[in-house]
Amino acid sequence: MSEERKIRILVAKPGLDGHDRGAKVIASAFRDAGLEVIYTGLHQTPEMIVSAAVQEDVDVVAMSVLSGAHMTLFPRVKKLLDEAGADHVLLTGGGIIPEDDVAALEAQGVGRLFGPGTPTSAAIEYVKEWFSAQNTA
Amino acid sequence: MSRIETLDARTVELLARFRTGAVPALARAISVVEGQRPGFQALLHEVMASGPQARRIGFTGPPGAGKSSLVAAAATTYRVRDEHVGVVAVDPTSPYSGGALLGDRIRMNDVATDPGIFIRSMATRGSLGGLATTTKEVVDLMDGFGFARILIETVGVGQTELEITAAADTVVVVLVPESGDAIQAMKAGLMEIADVFVVNKADRPGSARLVKELRQALHLRAGSALKDIPAHHGVDLGRALKRERTTDSAAQEVEDWPVPVLTTNALTNEGVDDLVDAVERHRSWLVESGQLEERRRDRAEGRVRDVVNRELQRITWSSDEVRRLLGEGVLGIAGGEETPYSVARRITDALLR
Amino acid sequence: MSTIEKELESRAELASVLRARERELAELKARLAEWEEAFESTPKRDALFTTVSGREIDPLYTELDRSGAPDHEALGVPGTFPFTRGPYPTMYRTRLWTMRQFAGFATAEETNARYKYLLQHGQTGLSVAFDFPTLMGFDSDHPRSLGEVGVCGVAISSLADMEQLFDEIPLDEVSVSMTINGPAIILFCFYVAAAEKQGVDVSELRGTVQNDILKEYQAQHAWVFPPEPALRCIVDMFAWCSEHTPKYNPISISGYHIREAGATAAEELAFTLRNGFEYVERGIARGLDVDSFAPRLSFFFDVHNDFFEEIAKLRAARRIWARGMKEKYGAKNPDSWRLRTHCQTAGVSLTAQQPENNIVRVAYQAMAAALGGTQSLHTNSMDETLSLPTEKAVRIALRTQQILAYESGVPNTIDPLAGSYFVESLTDDLEREALELFDEIDEQGGVVPGIEQGWFQREIAASAMRQQGEVESGDRVIVGVNDFLDGSEKVEIDTLKIDPEVESRQVARMAAIRAARDSDRVEQTLSALRDACRSDENVVPRILDCARAYCTLYEIRAAMEDVFGAFKEPVFF
């Protein structure tokens with residue numbers, strides 16, 4: 001009985017910043033939208049995130065970065081994902097990320113990045129649309 | 001060994017990478033099996049060809065007992081002993097949304113980047129026995145991939161999770177002083193499934209009392225008069241009790257396994273070495289007593305039953321005729337001309353025709 | 001008149017007073033019934049009549065909503081027990097609240113220049129913001145610090161950095177507040193050692209170190225050690241400071257981060273005060289005289305959007321603390337009963353959309369803090385959801401406080417809302433709810449078991465989810481976010497960027513410090529510290545020795561961790 005394929009998503013909190021209100025809210029919202037959410041807790045290194053993404057065979061990695069370290073963390077995770085042969089994984093996220101940094105990261109192959117005040121429904125819709133585009137293409 | 005179906009190109013490629021030891025291939029193979037995607041049975045058939053090799057150790061117990069931490073600590077100990085470890089951690093699927101929050105890795109962060117450890121989180125996806133529908137098959141994949149020790153953590157939402165006895169060679173029941181007294185453990189059917197008892201968070205008040213009570217309860221059960229009597233009615237002990245039956249005369253000579261009651265503190269690693277030793281001792285006992293072979297036979301039988309059931313279900317509910325009969329039958333029930341039983345009979349008759 | 005006659009007369013008088021009062025109440029009830037009829041028959045706006053914390057608010061409050069406790073018991077006068085009306089008798093007539101803006105970025109050298117600028121422009125207190133590696137006890141050259149050095153605050157990895165931070169700033173004259181928790185004891189020792197290097201008498205040091213680890217486990221998560229050893233270090237600081245730095249506040253018990261993580265006003269109030277009482281209990285259990293350390297306990301609350309609820313929260317906090325300290329913990333010194341607090345406007349209420357609106361939000365929140373009787377205040381800058389604040393945004397935030405202080409007239413009257421049916425009723429309600437939450441915490445087995453079982457974390461997350469749901473459904477209007485959108489949501493405002501070279505400069509600096517110091521002394525002091533951690537000796541003098549030997553933050557943390565272990569995050573879902 002091959003049922004509808006579940007979307008698996010890793011919600012990750014990289015770096016040393018412990019403000020996880022957003023990560024928890026979005027993780028719960030993804031669960032309530034029918035996704036299987038792997039949450040690995042705080043203070044994750046890029047290596048930990050990518051190792052979990054590979055082992056869990058996730059479709060999406062969503063990172064919450066409020067610490068200003070996004071220009072280090074997103075490219076590093078993207079690079080490690082590519083090196084691990086997981087370049088099919090969508091890397092997206094949210095946090096306090098200035099617009100020109102968003103543009104720079106998108107140019108490096110990072111997916112959409114959501115700013116403060118984004119409704120969780122926008123992120124859910126984005127991930128679901130990306131997923132169905134991947135699986136019909 | 002016979003083939004069950006022709007492998008498609010994608011599965012062939014996946015198997016080839018799997019056999020070179022590529023971790024992403026194992027991860028993807030698990031997704032294929034977990035999602036019961038096309039070709040998953042053929043994939044398992046290929047991977048299981050070499051038979052079970054790994055030692056499978058189940059961890060079960062009530063919520064808050066610290067199962068994930070203990071699994072992480074045990075995995076670390078196995079790594080120190082140079083064994084490769086696979087971990088499967090099961091969390092519940094939300095019945096409302098079909099989604100799940102899989103949080104067991106939080107407790108396993110210390111071992112997260114060790115290449116000798118592979119951790120996979122699974123959602124129950126509707127299964128109720130403490131494991132996900134395909135957990136046992138996922139364990140087979142890890143076994144086929146070459147992990148020598150596979151640790152399986154059940155959901156731990158409170159109800160008794162007997163399915164672990166069918167998935168593991170050794171079942172570790174994890175309790176904490178707060179999880180109640182030994183009477184409650186007996187009522188929950190834990191006496192029957194435990195090969196090793198662990199009282200975790202042993203620095204907390206009440207732990208010595210719980211250890212003592214558990215030992216007394218085990219001692220009582222070991223008494224010959226009570227040995228084969230279920231501790232409590234209403235718990236399905238079929239499979240658990242079967243394990244106490246010995247099958248051949250050679251094995252009769254080996255003494256019964258004395259279920260140890262250990263104390264640990266997973267956060268400080270205290271007692272974890274002893275726990276791993278006990279698990280390994282239990283393994284030797286399983287081999288010597290012939291129980292391992294019996295358990296594996298039981299497991300194989302159970303697996304065949306599961307696969308047949310699953311196939312029958314799939315065949316049943318994917319049949320157009322069955323769907324038609326069901327649709328009509330439901331209307332008939334509503335109109336008072338039929339009952340669920342007459343409709344079901346017509347469906348099974350049609351299938352067997 | 002005989003005595004009997006006199007008594008009969010006074011009884012008759014009393015009876016007539018009571019009858020008059022009964023008539024008055026009956027009259028009030030009758031009029032209210034009329035009002036209620038009119039109210040019920042009139043259409044209402046389709047809006048949420050609850051506070052941001054989800055509290056139902058009545059359309060009208062009257063005398064009937066008061067708790068019935070006499071005013072002299074429930075309110076007192078300002079500066080006296082139970083301090084509902086303010087911790088000091090004269091409040092802002094004597095001294096305005098301290099306008100203390102939190103600042104720090106990049107290296108010690110750059111932050112030092114900013115501090116000197118601020119001091120030259122009349123600021124009398126400093127408030128240090130550390131970067132994330134420092135907050136977690138990592139040196140700038142530790143691999144875990146990658147990308148985060150100097151980004152959200154200043155990087156301080158050893159005494160050398162602390163000396164640089166306060167270079168030419170006399171530490172006996174300037175009061176310094178340091179927001180640090182997990183490794184607070186280490187940074188405090190760097191600070192004391194830096195003062196020694198300046199030749200300052202350390203008994204003259206004034207200021208505050210946040211040092212509130214309980215709320216870190218509950219909400220903000222910048223922890224290092226597990227609860228028991230972490231609490232032991234805090235009590236070590238209470239003991240050491242009461243003897244050596246009697247003007248210094250060794251803790252600032254903080255509700256701010258609990259609230260920002262999603263708690264309601266009542267949860268913020270209850271969790272913070274219960275944490276405070278936990279520290280008091282730990283001090284007493286150590287054998288300290290409660291009056292030797294309690295007067296130096298200070299607080300830090302959030303001031304969120306709901307104007308009256310926030311005012312009532314601060315008033316209730318003072319009353320609960322005073323009663324607990326006096327009645328439960330037997331403190332005799334009124335300074336032990338007196339809750340003194342810093343406030344900060346709610347960062348979480350700021351929006352990235354139409355960011356200039358934040359100036360208005362901050363202004364209302366600041367007014368609530370003043371009406372609630374705060375002792376010091378930080379006003380957030382409008383651009384903080386976009387980046388670290390720019391100089392211009394910080395200036396507007398400071399001006400907001402100055403307009404409140406000098407133009408609005410708010411500081412002229414002490415506790416001007418006392419006696420308001422609504423505010424007194426809210427104060428009573430919040431107090432009652434906090435006491436009920438105390439009982440719930442006790443049911444968890446206390447604060448530490450509640451943390452270990454993830455109870456606080458789950459309560460906070462559930463409240464956060466509820467608030468998010470209200471905003472997403474549109475039930476709770478956030479101007480410029482889910483209503484009143486006009487295309488101006490994205491405003492081009494300047495943002496502050498940290499030079500990525502900061503990290504490499506700081507890493508080079510660390511290498512130089514490591515090369516220049518006496519490595520034998522480093523080993524000796526670290527080893528003595530490990531021994532102290534294993535025994536029940538006060539660890540402060542040992543950490544001070546390490547600091548003086550230029551052991552780095554991470555070296556000291558690691559030595560303590562060898563003995564204490566590290567805290568692991570409990571599962572909370």
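**Chain A**

I started by counting elements in chain A of this predicted model: there are five helices and five strands. Here helices (H or I, at least four residues) and strands (E, at least two) are DSSP runs, numbered from the N terminus. From the N terminus on, I read the order as β-α-β-α-β-α-β-α-β-α.

Next I looked up the dimensions. The C-alpha trace of chain A spans about 45 × 30 × 25 Å along its principal axes. Chain A has a radius of gyration of 14 Å, which agrees with the value near 14 Å for a compact globule of 137 residues. That radius is taken over C-alpha atoms, and the globule rule is 2.2 Å times the number of residues to the power 0.38.

Of the 137 residues of chain A, 61% count as buried. A residue is buried if 20 or more other C-beta atoms lie within 10 Å of its own, exposed if 12 or fewer, and partly exposed in between, with C-beta atoms placed from the backbone.

A note on conventions: residues are numbered from 1 along each chain as its sequence is written, and chains are lettered from A and ligands numbered from 1 in the order in which they are written. Local features need pLDDT of at least 70 and side-chain atom pairs count only at pLDDT 80 or more, while totals for chains, interfaces and linings use all residues.

**Chain B**

For chain B I found 15 helices and eight strands. Of its 353 residues, 43% count as buried.

I then traced an open sheet of seven strands in chain B, in the order β4-β2-β5-β1-β6-β7-β8 with parallel pairing. Two strands pair if DSSP finds at least two bridges between them. The edge strands of chain B are β4 (117–123) and β8 (261–263), each pairing on one side only. Neighbouring strands of this sheet are turned by 20° against each other on average, direction ignored; axes are lines fitted to C-alpha atoms, for helices over the stretch in contact, and angles run from 0 to 180 degrees between N-to-C directions.

Inside that sheet I checked one pair: β1 (residues 55–60) and β6 (residues 170–175) of chain B run parallel over four bridges. B:Phe59 stands opposite B:Val172 in β6(B).

**Chain C**

My next stop was strand β7 (residues 297–303) of chain C. Seven of its seven residues are buried, so β7(C) is largely enclosed by the rest of the structure. C:Leu297, C:Phe299, C:Phe301 and C:Val303 point one way, and C:Ser298, C:Phe300 and C:Asp302 point the other way. In a regular strand the side chains alternate between the two faces of the sheet.

β7(C) pairs in the parallel sense with β6 (residues 251–254) of chain C over four bridges, where C:Ile251 has C:Leu297 as its bridge partner. β7(C) also pairs in the parallel sense with β8 (residues 341–345) of chain C, over five bridges; there C:Phe300 stands opposite C:His342.

**Where chains C and B meet**

Finally I checked this interface: six residues of chain C are in contact with seven residues of chain B, contact being C-beta atoms, placed from the backbone, within 7 Å. The chain C side has two nonpolar, two polar and two charged residues. In this scheme Ala, Val, Leu, Ile, Met, Phe, Trp, Tyr, Cys and Pro count as nonpolar, Asp, Glu, Lys and Arg as charged, and the others, Gly among them, as polar.

How values were computed
Two residues are in contact if their C-beta atoms, placed from the backbone, lie within 7 Å.
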